[in-house]
Amino acid sequence: MRTFSRWLVLATALSGAAAHADDNDLQIARFGIDRYGQENAAALASADFRAFARTFGAVINSANLMPPRTTGHSGYAFNAELSVVSLPDSVFLPTEREQPGSVLVPSVHVRKGLPFSLELGGRVGWVEKSGMVTAMGELKWAVNEGFTYLPDVGARLHVTKLFGAHDLDLTTTGLDIGVGKQFPLGGMITLTPYGGLDLAFVSAASRTLIFNPDLTLEESQDDDSRATLANGNAGAYARVSAGDNLTPRFYAGARFIGGALQLGAEFSVTSLGSFDVTGDGTRDLPSVVAFNTTLGLDF
């Protein structure tokens, strides 16, 4: 038991000192540290973690930036993208420095058309002023596209995962239904307005963390070390399961294509919903607003 406790404390210490922390890097243990000693601390800290997970899930899943129409079975597209995501003040985000009011997420997006109106894509992004990156994979099916008098309709499955956040596992999955219509403006120039609903589900979990800021190495190594660590001094937050954490995202945008050049802009609002907190009623969360732009080549 003493060996287990030594390794737990050592791993916690090393995880915080393993690398220089940037302004927007996360300190996940702060939910438990700030609640330490309070009545119902475990439930409140887990509720804070759940609210954070929904909010940050909206950050990494803030952009679509493409209409339901595919590139065509032999087509492909490369895009540089930028998302400006507004962060609600009422949800605590445990950043290294003062919590920002917004965050930039630049990314690179690649899409490849497949037969049968299918399209495969991937996006890699970076959360500014941090060591965190996001990776997204997607599969889109254009149920209807290219008809003169009918709108394009598409369905997209996607998975996005956050990497580089210490002690945190955060993933979003979703089903996106979009509608759009391409209008020719002359020659090789087109404009495609579009909109849709993205049903995104958030899942998150933390590692075992130390919550008592006054816990010393000697206390963690004595004969009662396991009891010391288990007595509210350490633990993991309640797991955030995807099935209980739906965050629908509404979006609208437009894409302009001139030859191979592609420009686009999109506005989205993600509803974070509400959830019950044991012993503390219902917690209502605000929406997350994002503005996204893209520049790329479409072949």
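**Spaces, core and backbone: a conversation**

Author: The second largest pocket is lined by 15 residues, and those nearest its centre are Arg69, Gln182, Arg255, Ile257 and Asp298. The model is predicted: local features need pLDDT of at least 70 and side-chain atom pairs count only at pLDDT 80 or more, while totals for chains, interfaces and linings use all residues. Numbering runs from 1 along each chain as its sequence is written, and side-chain values use heavy atoms, with hydrogens and water left out.

Reader: What makes a space a pocket or a cavity, and what puts a residue in the lining?

Author: Both are sets of points on a 1 Å grid over the protein atoms alone: in a cavity a 1.4 Å probe fits but cannot get out, whereas a pocket is open, with protein on both sides within 12 Å along at least five of seven lines. Lining residues have an atom within 4 Å of a point. The second largest pocket has a volume of about 300 Å³, a volume being the space filled by probe spheres set on grid points that are joined across faces, edges and corners.

Reader: Which elements supply at least two residues each to the lining of that second largest pocket, and how does this lining divide by class?

Author: E8 and strand E11 (246-258) do; strands are DSSP runs of E with at least two residues, helices are runs of H or I with at least four, and both are numbered from the N terminus. By class, there are three nonpolar, eight polar and four charged residues. Nonpolar covers Ala, Val, Leu, Ile, Met, Phe, Trp, Tyr, Cys and Pro; charged covers Asp, Glu, Lys and Arg; polar is the rest, Gly among them.

Reader: What makes the largest nonpolar core a core, and which members touch the most others?

Author: A nonpolar core is a set of buried Ala, Val, Leu, Ile, Met, Phe, Trp, Tyr and Cys residues joined through side-chain atoms within 4.5 Å. The largest has 39 residues, and Phe49, Phe52, Phe56, Leu168 and Leu170 touch the most other members. H3 contributes the largest share of this core, 11 residues. In soluble globular proteins, nonpolar side chains tend to be buried together.

Reader: Why is H3 described as largely enclosed by the rest of the structure, and how does its reach compare with what is expected?

Author: Of the 20 residues of H3, 17 are buried, so the helix is largely enclosed. H3 reaches 28 Å from its first C-alpha to its last, close to the 28 Å expected at 1.5 Å a residue; the expected span is 1.5 Å times one less than the number of residues.

Reader: What is the phi of Asn40, and what is that of Phe116?

Author: Asn40 has a positive phi of about 60 degrees, and Phe116 has a positive one near 65 degrees; neither is a glycine. Most residues other than glycine have a negative phi. Asn40 sits in the loop between helix H2 (30-35) and H3, whereas Phe116 sits in the loop between E2 and E3.

Reader: Why do Asn40 and Phe116 fall in their accessibility classes?

Author: Asn40 has 30% relative accessibility, so it counts as partly exposed. Phe116 has 73%, so it counts as exposed.

Technical notes:
Buried < 20%, exposed > 50% of the residue type's maximum accessible area, 1.4 Å probe, protein only.
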